[in-house]
Structure formats: C-alpha cells, structure tokens
Amino acid sequence: MPVLDETDTLILEHHYESVTLKEKTTGKVLFEDELYGEPGCGLIDKNHRWAIIAGESLILWTPDRTECIDHAEIKWVHAIRVKTPEIVEFLVDPWSAVAAVWQINLSTFELTKIRDFDAYKTREYVDEVVW
C-alpha cells in the first residue's frame with residue numbers, strides 16, 4: 001500500500017479510496033475509513049496526537065475523536081504542512097476557482113481561511129507547488 005506518512009511507531013497508508021492508520025509493531029488499526037477518490041496527502045503528528053488525511057475532503061484523527069470535514073470550499077487538498085504543534089495549514093486545489101490556503105486548529109477542529117491562492121490558476125499542473 002502507498003504510504004502517505006509514517007513516524008517511528010505509526011504508519012498512514014492508503015489503497016485506492018481506503019485509508020488506514022496503524023501501529024507499526026503490532027499492526028493494530030487505529031483508524032480506517034473510505035474516501036471519495038484517492039487521498040492526495042496525509043500527515044501524522046510527530047508526538048502521535050493527531051493524523052490528517054486530505055483529498056476530496058479532510059479527515060482528522062485524534063485518539064479521542066475522528067472528524068470528516070466535507071466543506072464546499074475545501075475540495076481536493078493538494079498539500080499540507082505543520083505551522084505549529086496545534087495548527088496545520090493546507091492548500092486547496094491551486095488550479096481551481098476556490099484555490100486557497102486554509103488552516104485548522106487540531107485541538108478545536110476550527111477552520112480558518114488564510115488567503116486566496118491565485119498564483120497557479122493559469123499554469124499547467126505540477127507536482128510541487130510553492131505556497
């Protein structure tokens with residue numbers, strides 16, 4: 001299975017539209033779900049407090065809660081990055097009409113739009129986007 005992210009103890013994998021977060025040593029599944037379309041990216045917190053899977057929607061996992069965010073302006077996330085230990089930023093499809101940089105607070109699951117992102121709307125597709 002393709003790996004979206006991994007740490008020393010956890011691995012986040014997907015197989016087509018299925019995604020799994022599990023412990024490496026035991027194989028214990030911590031989270032498993034289905035998506036529409038393949039996930040574009042994923043990230044596991046280095047302290048294992050959360051994981052985020054992004055694609056057509058966002059899925060957030062913590063040991064206490066799992067949340068699927070299906071928001072009209074947050075479709076086809078292209079990239080994600082850690083801003084602070086509690087804040088993750090993500091880039092929505094840079095070639096779409098709703099291209100933007102958003103952030104989510106992983107303690108509260110609060111979404112905030114940071115800015116529109118128009119730099120790639122007229123360009124051809126590339127894997128690496130500078131944002």
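Analyst: Lysine 83 forms a salt bridge with glutamate 89, and their closest N and O atoms are 3.8 Å apart. The term salt bridge here means a side-chain nitrogen of Lys or Arg within 4 Å of a carboxyl oxygen of Asp or Glu. Side chains of opposite charge can pair when their charged atoms come close. Glutamate 89 also meets the side chain of arginine 81 in a salt bridge, at 2.8 Å from N to O.

Please keep in mind that this is a predicted model, where local features need pLDDT of at least 70 and side-chain atom pairs count only at pLDDT 80 or more, while totals for chains, interfaces and linings use all residues. Residues are numbered from 1 along each chain as its sequence is written, and side-chain values use heavy atoms, with hydrogens and water left out.

Arginine 81 is at 31%, so it counts as partly exposed, and lysine 83 is partly exposed because its relative accessibility is 48%.

Let's move on to another pair. The side chains of lysine 113 and aspartate 116 join in a salt bridge of 2.7 Å, N to O. Aspartate 116 is partly exposed at 49% relative accessibility, and lysine 113 is partly exposed at 36%. Across the whole structure, a search finds 12 salt bridges.

Some charges gather in a patch instead. Glu17, Glu32, Glu34 and Glu38 form a negative surface patch. For such a patch, residues need over 30% relative accessible area and no salt bridge, and like charges are joined within 9 Å. Glutamate 32 sits in strand β4, which covers residues 29-34, and counts as exposed because its relative accessibility is 58%.

Finally, here is the wider setting. The protein has 0 helices and 12 strands; these are DSSP runs, with helices (H or I) of at least four residues and strands (E) of at least two. Of its 131 residues, 45% count as buried. The C-alpha atoms fill a box of roughly 45 × 30 × 25 Å, taken along the principal axes.

Conventions: Patch = residues over 30% accessible without salt bridge, like charges linked within 9 Å, V, L, I, M, F, W, Y side chains within 5 Å. Areas by Shrake-Rupley, 256 points an atom, 1.4 Å probe, with all protein chains shown as cover. Lys, Arg positive; Asp, Glu negative; His and termini not counted. Charge placed at Lys NZ, Arg CZ, Asp CG, Glu CD. Buried < 20%, exposed > 50% of the residue type's maximum accessible area, 1.4 Å probe, protein only.
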